[in-house]
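Reader: I've got a new model open. Walk me through it, and keep it quick.

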Amino acid sequence: MDKKNKTLGEFIIEHQAQFQYSSGELSKLINAIRLAAKVVNHEVNKAGLIDILGAVGDTNIQGEEQQKLDVLANNKFIQTLKNREIVCGIASEEEDHFIQVNSNNQQNQNKYVVLIDPLDGSSNIDVNVSVGTIFSIYRRVTPIGSPVTMEDFLQPGVNQVAAGYIIYGTSTMLVYTTGYGVNGFTLNPAIGTFYLSHPDMQYPETGNIYSINEGNYSHFPQGVKDYIKYCQKEEDDRPYTSRYIGSLVSDFHRNMIKGGIYMYPKSSVASNGKLRLLYECNPMAFLAEQAGGKASDGFKRILEIQPTELHERVPFFCGSRKMVEKAEEFMALHA
Ligand code: AHG
Ligand code: MN
Ligand code: MN
Ligand code: MN
């Protein structure tokens, strides 16, 4: 069959045997995410037509103003996963605490927990710029059938069994990994089917794009300032191009296709930067490594960090391997 004619459903069935614990549970879980993605995609696409733009008036635990679509996407993903009883627990950027998923008031027998950033780049919704959803899946560490605990969620990223994102862009794509490379599927909106459009995605070893919110320059550590100056210097293949959408999913997706580096460093006003280790950095780091790229906090590998809190933040440097290594060299000079 022509690779590009393969649907996500077919791909999942075909690759089920690859999964570490092949009971079909993980396949069902990815299928549920696929379904929720279509529902959210439908809402995002018509956002300008119905009253779902703008803020709700509430603040989430991150101290951010919740957008209506943050709440809507959060509810759709949680409902879809809960109704199917295919996970035992869910944690979300938009929820203060993790959620137990029970069946008929009993603990279910499922072994996976999901962590999600239901809507990434939500400040971009009102201006019709691409947003996304990020998900991360772990096998629980506590016994099956018992209530999930914080321990099940606070696992280092190396323990992820799957991770991915949906990008609601000029076309909608679902990109994910189960630890055997990264594959991208594009939604044909006319028939509601995702097709394998980007098999075995690879980060170019190096690139010429750097992505960072340079408005924060004066607050950045010296290593980051020096690396930015390096990117801008007229020498060899530089200056690089600056591209920053302000939606991690979109910035990552572009850099993975074209070659580049994304940075959200710590600053004098945010001691760990802004991005969340569990909902944003770990899943993106897993994807980056699976695509031959690299992800670090400027000094060490993201995936090896032991989380201590559900909503903790971490500095993030992610992208083409050689570019991240170069940024780390500058960071090391001022450690
Ligand atoms: P979210 O919308 O899920 O809260 O995430 C926003 C994140 C990320 O997507 C983006 O890269 C970053 O915030 C942008 O932050 P700045 O506006 O500070 O650059
Ligand atoms: Mn947010
Ligand atoms: Mn986000
Ligand atoms: Mn979000």
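Author: Start with N128, which lies in the loop between β7 and β8. Helices and strands here are DSSP runs, H or I of at least four residues and E of at least two, numbered from the N terminus. This is a predicted model, in which local features need pLDDT of at least 70, side-chain atom pairs count only at pLDDT 80 or more, and totals for chains, interfaces and linings use all residues. Residues count from 1 along each chain as its sequence is written, while chains are lettered from A and ligands numbered from 1 in the order in which they are written.

Reader: What's the phi of N128?

Author: Positive, about 60°, although N128 is not a glycine. Most residues other than glycine have a negative phi, and most peptide bonds are trans.

Reader: Is N128 buried or exposed?

Author: N128 is exposed, because 11 other C-beta atoms lie within 10 Å. The cut-offs are 20 or more other C-beta atoms within 10 Å for buried, 12 or fewer for exposed, and partly exposed in between, with C-beta atoms placed from the backbone.

Reader: Where does D200 sit, and what's its phi?

Author: D200 is in the loop between β12 (193-198) and β13. Its phi is near 45°, again positive in a residue other than glycine. With 13 other C-beta atoms within 10 Å, D200 is partly exposed.

Reader: Which peptide bond is cis?

Author: The one from R238 to P239, with omega near 5°. P239 lies in the loop between α5 (222-232) and β14.

Reader: Confidence next. What are the scores?

Author: Mean pLDDT is 93, and 97% of the residues score at least 70. pLDDT is the predictor's confidence in each residue, from 0 to 100. The model scores ipTM 0.97 and pTM 0.96.

Reader: Which element has the lowest mean pLDDT?

Author: Strand β6 (residues 106-107), at 80, whereas β17 is the highest at 99. Where pLDDT is low, the predicted coordinates should not be read in detail.

Reader: Back to β7. How many of its residues are buried?

Author: Nine of the nine, so β7 is largely enclosed by the rest of the structure.

Reader: Which strands does β7 pair with?

Author: β3 pairs with β7 in the parallel sense over four bridges. Seven bridges join β7 to strand β8 (residues 131-139), and those two run antiparallel. Strands count as paired if DSSP finds at least two bridges between them. Across the second, I116 stands opposite F135 in β8.

Reader: What does V114 touch?

Author: L81, V87, I90, F135 and I137, leaving out residues up to four places away in sequence. Contact means C-beta atoms, placed from the backbone, within 7 Å. V114 is also among the residues with the most contacts inside the largest nonpolar core, along with V87, M284 and C318.

Reader: How many residues in that core?

Author: The largest nonpolar core has 92 residues. A nonpolar core is a set of buried Ala, Val, Leu, Ile, Met, Phe, Trp, Tyr and Cys residues joined through C-beta atoms within 7 Å.

Reader: Where does UniProt put a binding site?

Author: The unreviewed entry places "binding site" at E93, D117 and L119. They span 27 residues in sequence, yet no two of their C-alpha atoms are more than 9.0 Å apart, so they gather at one spot. UniProt positions use the numbering here, feature names are shortened, and annotations may be inferred rather than shown by experiment.

Reader: Where's E93, and what does it touch?

Author: E93 is in the loop between β3 (89-92) and β4 (99-100). E93 counts as buried, with 25 C-beta neighbours inside 10 Å. Its contacts beyond four places in sequence include D117, R276 and Y279.

Reader: And where is L119?

Author: In strand β7 (residues 112-120). L119 is buried, with 32 other C-beta atoms within 10 Å.

Reader: What's the strand order in the open sheet of five?

Author: β14-β13-β15-β17-β16, with mixed pairing. β14 (241-242) and β16 (294-296) stand at the edges with a single partner strand each, so one side of each is left without a neighbour in the sheet.

Reader: Which helix packs on that sheet?

Author: Helix α6 (residues 248-258), touching β13 (209-211), β15 (260-264) and β17. Its direction makes about 155° with that of β15. Axes are lines fitted to C-alpha atoms, for helices over the stretch in contact, and angles run from 0 to 180 degrees between N-to-C directions.

How values were computed:
Contact = placed C-beta atoms within 7 Å.
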